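Hi,

Here is the structure I promised to pass on. Have a look at it first, and then read on for what turned up.

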Amino acid sequence: MENTQLIDLKAKAIQLLKELITIDSFSKEEDKTADAIGHFLNSESVSFKRIGKNLIAYNFHFNEQKPSILLNSHHDTVKPNVSYTKNPFEAIEEGGKLYGLGSNDAGASLVSLIVTFLFFYPKDIPYNLIFIASAEEEISGQNGISRALEQIPICEVAIVGEPTEMKLAVAEKGLLVIDAVAKGKAGHAARDEGENAIYKAMEDILKVRDFKFKKSSKYLGENKVSATLIKAGQQHNVVPDVCEFTLDVRITDAYTLEEAFEELQSQLQSELKARSFRLQSSFLPEKHKIMEVAIVLGLERFGSPTLSDQALIPFDSVKIGPGKSERSHTADEFIEIKEIEEGIEIYIQLLERYMNHQNTTK
């Protein structure tokens, strides 16, 4: 039988999620959900620091001499799409499901991690626990978790809450967006003058279509590059001297973004420029202690193709949470109540095992 504390924490998580659903919190507009989370922490006598729209809390017995574990999930959402049949800002509970925008991505993970943090908050445990409710995750914004991470110590591991059906994502693809420019020479189309930049771009785009990176990943398989945008020309009778196109590159842990960029550039004649090298892939070392704990708990391990705040965390991390990734950003988004309740139990088990587990593979 469940103890009274756990029953109470589960009820608080569901109630908090219902409140958050009713508050619009689009990326860069998360002030009110930050207020609501702050009010909840205050009501539980938990002090916190607010950095912009990010909230940071430390366990009561925080000690700089202890190693730290980060618990993180985000409170921003995308905008609801036009296919919703239910009010996206109304928390509707039907048939064991809780409907509403952000319920699955990543409200369920957020509230589950918050009450997991509360479970351990007053205890004298061998680790520090740091909780971050981050903003701007959906756009990988500069004022999201990156800003919050500047305020905390390096942690031994981060547990990032995202809908994974409580499977443990030990690898995640990174994202590299490349702007490419193929250069030719302008001329009159009727006289067959110049060098057509569109044709030069086409040569490279055909190479991109068939391109295979040299290395692949155990958990994530092959890397992927796609041409997604193209622009050239000013008028019909002028051979264009410039053709611009964009590449979307999804990189596994087999590469850093910089390495992937160099491999692509070596095969293409166009000039390439990366928009950013921020969103790196991640991979947990096979001998990491949390890998052993996952085996003990029977948690399935996998590689995640979707991007999260994990890409911006500069130390070892995993991604795990209640809900299903395929529900994210869909109309009539929902989470099952039992998924939240089971998620809280697994989070607590994972942390208890981790904090008391002796790594046998060091």
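Let me begin with the largest pocket, whose lining residues split into seven nonpolar, eight polar and ten charged. In that count, Ala, Val, Leu, Ile, Met, Phe, Trp, Tyr, Cys and Pro are nonpolar, Asp, Glu, Lys and Arg are charged, and the others, Gly among them, are polar.

Before going further, a word on what you are looking at. This is a predicted model, so local features need pLDDT of at least 70 and side-chain atom pairs count only at pLDDT 80 or more, while totals for chains, interfaces and linings use all residues. Residues are numbered from 1 along each chain as its sequence is written, and side-chain values use heavy atoms, with hydrogens and water left out.

**Pockets**

Back to that largest pocket: about 470 Å³ of space lies in it. A pocket here is an open set of points on a 1 Å grid over the protein atoms alone, with protein on both sides within 12 Å along at least five of seven lines; a cavity is a set of points where a 1.4 Å probe fits but cannot get out, and lining residues have an atom within 4 Å of a point. Grid points are joined across faces, edges and corners, and a volume is the space filled by probe spheres set on the points. The lining of the largest pocket has 25 residues, and nearest its centre are Thr 306, Leu 307, Ser 308, Lys 319 and Ser 325.

The second largest pocket comes to about 150 Å³. Its lining includes Val 208, Arg 209, Asp 210 and Phe 211, and also Glu 222, Asn 223 and Lys 224. Helix H5 (197-210) and strand S11 (224-232) each give at least two residues to this lining, which divides into four nonpolar, two polar and five charged residues. Helices (H or I, at least four residues) and strands (E, at least two) are DSSP runs, numbered from the N terminus.

**The chain as a whole**

Eight helices and 18 strands are found in the chain, and its C-alpha trace spans about 85 × 50 × 35 Å along the principal axes. Of the 362 residues, 52% are buried; that means under 20% relative accessible area, with exposed being over 50% and partly exposed in between (1.4 Å probe, protein chains only). Contacts (heavy atoms within 4.5 Å) are worth a glance too: among those with a separation of 6 or more, 80% join residues 24 or more positions apart.

**Cores**

Which residues touch the most other members of the largest nonpolar core? They are Ile 69 and Ile 159, in a core of 63 residues. A nonpolar core is a set of buried Ala, Val, Leu, Ile, Met, Phe, Trp, Tyr and Cys residues joined through side-chain atoms within 4.5 Å. Leaving aside residues up to four places away in sequence, Ile 159 touches Ile 69, Leu 113, Ile 290, Val 318 and Tyr 347, among others. There is also a second, separate core of 24 residues, including Ala 197, Val 208, Val 249 and Tyr 255. In soluble globular proteins, nonpolar side chains tend to be buried together.

Ile 290 turns up again in helix H7 (residues 289-297), where the buried residues are Lys 289, Ile 290, Met 291, Glu 292, Val 293 and Ala 294. These pack against several elements, including strand S7 (157-160), strand S17 (317-319) and helix H8 (337-356). After H7 comes Gly 298, with a positive phi near 75°.

**The cavity**

Searching the whole structure gives one cavity of 30 Å³ or more, and the largest cavity has a volume of about 110 Å³. It is lined by 17 residues, with Leu 20, Ser 25, His 75, Thr 77 and Gly 102 closest to its centre. Helix H1 (4-21) and helix H3 (103-120) each give two or more residues to the lining, and H3 gives the most, with five.

Two residues other than glycine have positive phi: Lys 28 at about 80° and Ser 45 at about 60°. Lys 28 sits in the loop between H1 and helix H2 (31-43) and is exposed, at 52% relative accessible area. Ser 45 is in the loop between H2 and strand S1 (49-51), and counts as exposed at 61%.

Over to you!
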